[in-house]
Amino acid sequence: MKISRYVAASAVLASAVAGSVVLVPSASAAARAAYNGACGSGYKVVNSAPVGTQGTVFLTYNSAKGKNCVVTVRNTAGAAKNMFAYLYVNGAAEPQLDEGLYKSYAGPIYDYGRGKCVDWAGGIDNQSTFTYGSNCASLKEHRVTKGW
């Protein structure tokens, strides 16, 4: 049975909060995708995480606008694969999500988040990485990586 990436993202975030963590080896530093500038002018990378061995998810921030942006980038573009980019700003009504079949990247997705903690994630095919409680000054973030 195939479940949507959004439901999967919610399930993994919920299990991570409960303390259940599944780890998958991360990609080597040499194989990591580079940020592609998809978020636009004024956005700088403030955090990133490998998505298994297939790519990298980037969290960017535009200090002039107070907005966060997430984009998931494959190491190598090719045939379309299931991908997603996810962003939730603490206190927001709903998370932002872009999912579908993409050849090189998913996103960008945006939300206002000046002074707020964020949860962000990316997935490529059967690998995903979720980071929650992130970029909250001195608070430590938590990361969950899962292979399906």
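Hi everyone, let me start at one spot in the sheet pairing: the bridge partner of phenylalanine 84 is glycine 123, in strand 7. Before going on, please note that this is a predicted model, where local features need pLDDT of at least 70, side-chain atom pairs count only at pLDDT 80 or more, and totals for chains, interfaces and linings use all residues. Residues are numbered from 1 along each chain as its sequence is written, and side-chain values use heavy atoms, with hydrogens and water left out.

Now, some strand terms. Helices (H or I, at least four residues) and strands (E, at least two) are DSSP runs, numbered from the N terminus, and two strands pair if DSSP finds at least two bridges between them. Strand 7 pairs with strand 4 in the antiparallel sense over seven bridges. Strand 7 also pairs antiparallel with strand 8, over six bridges.

How many residues of strand 7 are buried? Seven of its seven, where buried means under 20% relative accessible area, exposed over 50%, and partly exposed in between, with a 1.4 Å probe and protein chains only. Both faces are covered: Val118, Trp120, Gly122 and Ile124 are buried on one side, and Asp119, Ala121 and Gly123 on the other.

Let's follow valine 118 across to strand 8, where it stands opposite serine 134. Why does serine 134 count as buried? Because its relative accessibility is 0%. Its side chain has a polar contact of 3.4 Å with that of asparagine 47. A polar contact is a pair of N or O atoms within 3.5 Å; within protein, one must be able to donate a hydrogen and the other to accept it, and residues adjacent in sequence count only if both atoms are side-chain atoms. Another polar contact, of 2.3 Å, joins the side chains of serine 134 and asparagine 135.

Back to phenylalanine 84, and on to rings. The structure holds three aromatic pairs. One of them is phenylalanine 84 with phenylalanine 130, tilted, at 5.9 Å centre to centre and 35 degrees between the planes. The rule here is that rings of Phe, Tyr and Trp (its six-membered ring) pair if their centres lie within 6.5 Å; planes under 30 degrees apart count as stacked, over 60 as edge-to-face and the rest as tilted. This pair links distant parts of the chain, strand 4 (residues 81-89) and strand 8 (residues 127-134), 46 residues apart. Phenylalanine 84 and phenylalanine 130 are both buried.

Next, the cores. In soluble globular proteins, nonpolar side chains tend to be buried together. A nonpolar core is a set of buried Ala, Val, Leu, Ile, Met, Phe, Trp, Tyr and Cys residues joined through side-chain atoms within 4.5 Å. The largest has 14 residues, and Val57, Leu59, Val70, Leu87, Val118 and Trp120 touch the most other members. Strand 4 gives the most to this core, with four residues. Apart from it lies another core of seven residues, including Cys39 and Tyr43.

That brings me to cysteine 39, which a disulfide joins to cysteine 69, S to S 1.9 Å; the cut-off for a pair of cysteine sulfur atoms is within 2.5 Å. With -80 degrees about the S-S bond, the link is left-handed. Cysteine 39 and cysteine 69 are both buried, and a search of the whole structure finds one disulfide.
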